[in-house]
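Subject: Structure handover

Hello,

I am passing on the structure we talked about.

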Amino acid sequence: MSTMKALVSHPSGELKLEEVPVPALGANRYAPHDVLCEVVYCGICGSDIHKWNADKTGVKTTSRSVVAGHEIVSVVKAVGPAVTRVKPGDRVVHEIVTMYCGRCPACLEGRFNICNTLPPMEGRAHFVTGGGFAKFTVWPEWQLHVLPASISDKAAVLMEPVAGSVHTIVSRMGVRAGESVAVLGPGARGILLTQVCKAIGAGPVIITGMDRDVAFRLKTAQAFGADIVVNVEKEDLRKRVAELTGGIGVDVVLENTGSVEPIDQSLDIVRKGGRVLWAGGGIRGGIVAPVDTYKVIVKELDIRGEISQIPYDWMAAIKLVAGGRVKTEELVTHVFPLEDWYAGFEMAATRSEALRVAIKP
């Protein structure tokens, strides 16, 4: 087979199902450490949805036409001559940061995800060398992780977001056992953030949603460990958190919505000396929100951002899922064949009962 069907992202912002060449070992920038992988599933991330939506305001597009998709579960089919870490037949998941200089201050700290010499999109395989919305993809061996038998293929679809959640909670925010956390946004990522917080002993964990989230997403969040759910269209979040914390506020706020109002809410519901993470708007190129700096100043707040993951996050994520402390398979609510990608994207974009939709090439 010399060609394959693939969902290709174009600089115009369009996504199209096209016939493309099958990637070959030795004919890519990762050789001789390149690995040919046969994709089993590739999840549809919120960033993919934003590229698909008609409204692409703020959305970053690729500088080249490239196969999209980055939440990849695959089986190794063949390896380059210098590969030692994986072998044909291994089931693997894919780190997305595959290019970095290794010499800048960030890289020397092990923070390859924010390499100072590359724009974010130039460091991620699915923007440069090709991703997982296709039957085959090529990846560097050092960014593949072999899955233990206890993790099913379907459960592994969400390994990248679990690694991202570990990055948020542990690597960036340093959340500790016993700390109270508010998770703003009840999508798959919000539910994973909740589970990771509970797995490390944090709590109580409060998760927020809207009317459309009550029937499924907020119920799912509670079933997966959230201590308290708040429908912000029926309850005043600021008053509710004040009631729950004796007027003090939570230790940590994880904003995961990409909307303006939760940015201001996060500053009000966090305690003095607390920590706030703003992450929800990143997949749209960020959002512009008014910030009352007085709240930041007088509370001496630590405010942080996050993007992608580092290798530690992936290793921790695999252990959490393998040990059953973070459950993912039930969050993959729908699977579509590659030929029906449009229906899959529409489901992911419009249905509250769709937490993570996967494509099966």
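The notes cover helix packing, then a cavity, then a pocket.

Please keep in mind that this is a predicted model.

Helix packing

Helix α5 spans residues 159–172 and packs against helix α11, residues 311–322. The angle between the two is about 110°, and their axes lie 8 Å apart. Since angles from 65 to 115 degrees count as roughly perpendicular, α5 is roughly perpendicular to α11. Their crossing is right-handed. On the α5 side the contact is made by M159, E160, V162, A163, V166, H167, V170 and S171. These meet Y312, D313, W314, A316, A317, I318, L320 and V321 of α11. By class, the residues of this contact are 12 nonpolar, 2 polar and 2 charged.

Helix α5 also packs with helix α6, which covers residues 188–199. Here the axes come within 9 Å and cross at roughly 55°, so α5 and α6 are oblique to each other. The crossing of α5 and α6 is right-handed. From α5, the residues involved are P161, V162, G164, S165, V166, T168 and I169, and from α6 they are R189, L192, L193, V196 and C197. This contact has 8 nonpolar, 3 polar and 1 charged residues.

Cavity

The count of cavities of 30 Å³ or more comes to 1. The largest cavity holds about 50 Å³ of space. Its lining consists of S9, D48, K51, T62, V66, A68, G69, H126 and F127. Helices α1 (46–52) and α3 (125–128) each supply at least two of the lining residues. The lining of the largest cavity divides into 3 nonpolar, 4 polar and 2 charged residues.

Which strand gives the most to it? That is β7, with 3 residues. The lining of the second largest pocket has 13 nonpolar and 6 polar residues, and no charged ones. The lining of the largest cavity, by contrast, includes 2 charged residues.

Regards

How values were computed. Residues are numbered from 1 along each chain as its sequence is written. This is a predicted model: local features need pLDDT of at least 70, side-chain atom pairs count only at pLDDT 80 or more; totals for chains, interfaces and linings use all residues. Side-chain values use heavy atoms; hydrogens and water are left out. Helices (H or I, at least four residues) and strands (E, at least two) are DSSP runs, numbered from the N terminus. Ala, Val, Leu, Ile, Met, Phe, Trp, Tyr, Cys and Pro count as nonpolar, Asp, Glu, Lys and Arg as charged, and the others, Gly among them, as polar. Axes are lines fitted to C-alpha atoms, for helices over the stretch in contact, and angles run from 0 to 180 degrees between N-to-C directions. Angles under 35 degrees count as roughly parallel, over 145 as roughly antiparallel, 65 to 115 as roughly perpendicular and the rest as oblique. A crossing is left-handed if the near helix is turned anticlockwise from the far one by less than a right angle, and right-handed if clockwise. Contact means heavy atoms within 4.5 Å. On a 1 Å grid over the protein atoms alone, a cavity is a set of points where a 1.4 Å probe fits but cannot get out, and a pocket is an open set with protein on both sides within 12 Å along at least five of seven lines; lining residues have an atom within 4 Å of a point. Grid points are joined across faces, edges and corners, and a volume is the space filled by probe spheres set on the points.
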